[in-house]
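Please walk me through this model, starting with its fold and ending with its pocket. Keep the explanation brisk.

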Amino acid sequence: MTNKVTLRDIHKDNKAINRNLQRLANIELIRLLGKSAEEAKKTNDTVGKSLARAGLILIAASEMVLLIGDIVDYRNEKIEQELEEYDK
């Protein structure tokens, strides 16, 4: 295994770890926003409800960006594999 391949594998692993950490943070944020939305609903706080809703929308957007990044990385990996097979 060459240095280039090893570094590419390390880079892929680091990206996967970072995305998984981001997903874990999003899960915790969903929990916190859910609790704050419940409290806002109990106290009839319209601003709290709006903030919780906006936060959940931002988390959904973050998850979409992560999904698109996963798809792009998957396609790039497939293209690299095809190029390596073509070079052989």
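The protein chain has 2 helices and 0 strands. Helices (H or I, at least four residues) and strands (E, at least two) are DSSP runs, numbered from the N terminus. The chain is more spread out than a compact globule, because its radius of gyration is 20 Å, well over the 12 Å that the globule rule gives for 88 residues. That radius is taken over C-alpha atoms, and the rule is 2.2 Å times the number of residues to the power 0.38. The C-alpha trace spans about 65 × 20 × 10 Å along its principal axes.

This is a predicted model: local features need pLDDT of at least 70, side-chain atom pairs count only at pLDDT 80 or more, and totals for chains, interfaces and linings use all residues. Residues are numbered from 1 along each chain as its sequence is written, and side-chain values use heavy atoms, with hydrogens and water left out.

Turn to contacts and surface. Of the contacts (heavy atoms within 4.5 Å) in the protein chain with a separation of 6 or more, 72% join residues 24 or more positions apart. Buried residues make up 11% of the 88 residues. Buried means under 20% relative accessible area, exposed over 50%, and partly exposed in between (1.4 Å probe, protein chains only). The accessible surface comes to about 7200 Å², and 63% of that belongs to carbon and sulfur atoms. Areas come from the Shrake-Rupley method with a 1.4 Å probe; for residues, only the protein chains shown count as cover.

Next, two residues. Val5 sits in helix 1. Val5 is partly exposed, because its relative accessible area is 27%. Val5 and Ile57 are 52 residues apart in sequence and 38 Å apart in space, C-alpha to C-alpha. Asn44 lies in the loop between helix 1 and helix 2. Phi of Asn44 is near 55°, a positive value in a residue other than glycine. Most residues other than glycine have a negative phi. Asn44 counts as exposed, because its relative accessibility is 57%.

Last, the pocket. The largest pocket has a volume of about 260 Å³. A pocket is an open set of points on a 1 Å grid over the protein atoms alone, where a 1.4 Å probe fits, with protein on both sides within 12 Å along at least five of seven lines; lining residues have an atom within 4 Å of a point. Helix 1 (3–43) and helix 2 (46–87) each supply at least two lining residues. Among the lining residues are Arg8, Lys12, Asp70 and Glu77. The lining divides into 2 nonpolar, 2 polar and 8 charged residues.

Methods
Points joined across faces, edges and corners; volume = space filled by probe spheres on them. Nonpolar A, V, L, I, M, F, W, Y, C, P; charged D, E, K, R; others polar.
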